[in-house]
Amino acid sequence: MQLELRHLEAVCRIAEAGSLGLAARRLGVSQPALSAQLRRIERVAGGELFVRTQHGVEPTSLGQFVLGKARRVLNEMDALGAESRAFVTGRPLRLGCILLVLVDGLLEQTDLAMSEQEITVDLEHSATALLRMLGAGKYDAVAYGEVNEHEVPLPVGVMARTLIPKEPFCIRMSAGHSLAEREAIDLADLSDESWMTLVEDDDGGPEALVEACAKAGFVPSLRYRITDRKMHYGLIAAGRAISLSQPTAPYAQGTVLRPLVGTPITGRIRLAWNRSTVSAGQAELLYRAAARAYLANVDNNPFHRTWWDARPELHPALE
């Protein structure tokens, strides 16, 4: 057997994940299949590349040597693809997103930061499908969210960078709701409400909501799943539903946003890109554009500005 790029990718993913199980999930294969592949790679390399510890797996001295070579080869192949792509005229950078608050601002910021690069943008409703399409080549880069500890597996050949490691989900409710005057809402006080479920159903959001409500002593009534923003806000303004919301969400007539006591549900925003079509420089420009788009919305709600200013360790790196 000769080593191929997919074998080098597998070795790097195992090292990054620190466990065969997590690496297998990220690669989209079963753990037994990855274990068998690793044994074949080790036979070619001439020895064990990883040893098991109480914390997972760690590279051996031979493993460290192979990892260094593997990363160098993969980086060169990525650079070859991305730099070759720059010579192809008329081909835009294809960006995919789920419906995040920052999307509108991201379009403006990418136009400013990458004015010489044509960019196309599509919206999807599934974070998993978005990453799968990135791996399949439909997109060059994507912006997506994850809720609580949920992690969407990354396809082979994809790099990801966390833009916002944590933001507190809040509640959007009618301005006439009996709880609307409170500064913060206890989740247990929402047990009799009808809920607007999250549009994305594979980012960990529905599970996080159900789990948080269970801890508060009730099962949420998930009545509506509506993607049209006008109808979504209209039902809430009429008092027919409440919903989880990003804390950077804008004002909608007849509704208010309130934080949840104890912050039981949090979100995370990430960027991912295909290493063969997006250069390191382009990835950095996308990161900065997305960061500026997010920061432009922090003042939409005073409670989030207060929360955000108290946690500088969560702020995106723009220096």
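User: How do the residues of the lining of the largest pocket divide into nonpolar, polar and charged?
Analyst: Ala, Val, Leu, Ile, Met, Phe, Trp, Tyr, Cys and Pro count as nonpolar, Asp, Glu, Lys and Arg as charged, and the others, Gly among them, as polar. On that scheme the lining of the largest pocket divides into 15 nonpolar, 10 polar and 9 charged residues.

User: At what pLDDT do side-chain atom pairs count?
Analyst: Residues are numbered from 1 along each chain as its sequence is written, and side-chain values use heavy atoms, with hydrogens and water left out. This is a predicted model: totals for chains, interfaces and linings use all residues, local features need pLDDT of at least 70, and side-chain atom pairs count only at pLDDT 80 or more.

User: Which residues that line the largest pocket are the closest to its centre?
Analyst: On a 1 Å grid over the protein atoms alone, a pocket is an open set of points with protein on both sides within 12 Å along at least five of seven lines, a cavity is a set where a 1.4 Å probe fits but cannot get out, and lining residues have an atom within 4 Å of a point. Grid points are joined across faces, edges and corners, and a volume is the space filled by probe spheres set on the points. The largest pocket holds about 620 Å³ of space. Of its 34 lining residues, the closest to the centre are Leu99, Leu100, Val101, Ser245 and Gln246.

User: Which elements each supply at least two residues of the lining of the largest pocket?
Analyst: Helices (H or I, at least four residues) and strands (E, at least two) are DSSP runs numbered from the N terminus. The protein chain has 10 helices and 12 strands. At least two lining residues each come from strand S5 (141–147), helix H8 (229–237), strand S10 (242–245) and strand S12 (266–274).

User: Which elements give two or more residues to the lining of the largest cavity?
Analyst: The whole structure holds 1 cavity of 30 Å³ or more. Ala141, Val142, Leu271, Ala272, Trp273, Ala283, Leu286 and Tyr287 line the largest cavity, and these divide into 8 nonpolar, no polar and no charged. The elements giving two or more of the lining residues are S5, S12 and helix H9 (280–295).

User: How far does H9 reach from its first C-alpha to its last?
Analyst: The expected span of a helix is 1.5 Å times one less than its number of residues. H9 has 16 residues, with 22 Å expected. Its C-alpha reach is close to that figure, at 23 Å.

User: Which residues of H2 are buried?
Analyst: Buried means under 20% relative accessible area, exposed over 50%, and partly exposed in between (1.4 Å probe, protein chains only). Helix H2 (residues 20–27) is mostly covered, with 6 of its 8 residues buried. Contact means heavy atoms within 4.5 Å, and the cover of these buried residues includes helix H1 (5–17), helix H3 (31–45) and strand S1 (50–53). The buried residues of H2 are Leu20, Gly21, Ala23, Ala24, Arg26 and Leu27.

User: Is Glu124 buried or exposed?
Analyst: Glu124 lies in the loop between strand S4 (119–123) and helix H6 (127–136). Leaving aside neighbours within four places in sequence, Glu124 is in contact with Cys97, Ile98, Leu99, Leu130, Met133, Lys138 and Tyr139. Because its relative accessible area is 18%, Glu124 counts as buried.

User: How far apart in space are Lys69 and Leu8, C-alpha to C-alpha?
Analyst: Lys69 lies in helix H4 (residues 61–85) and is partly exposed, with a relative accessible area of 42%. Lys69 and Leu8 are 61 residues apart in sequence, while their C-alpha separation in space is 8.8 Å.

User: Where is Thr263 found?
Analyst: Most residues other than glycine have a negative phi. Thr263 is not a glycine, yet has a positive phi of about 50°. Thr263 is partly exposed, with a relative accessible area of 27%. Its place is the loop between strand S11 (255–259) and S12.
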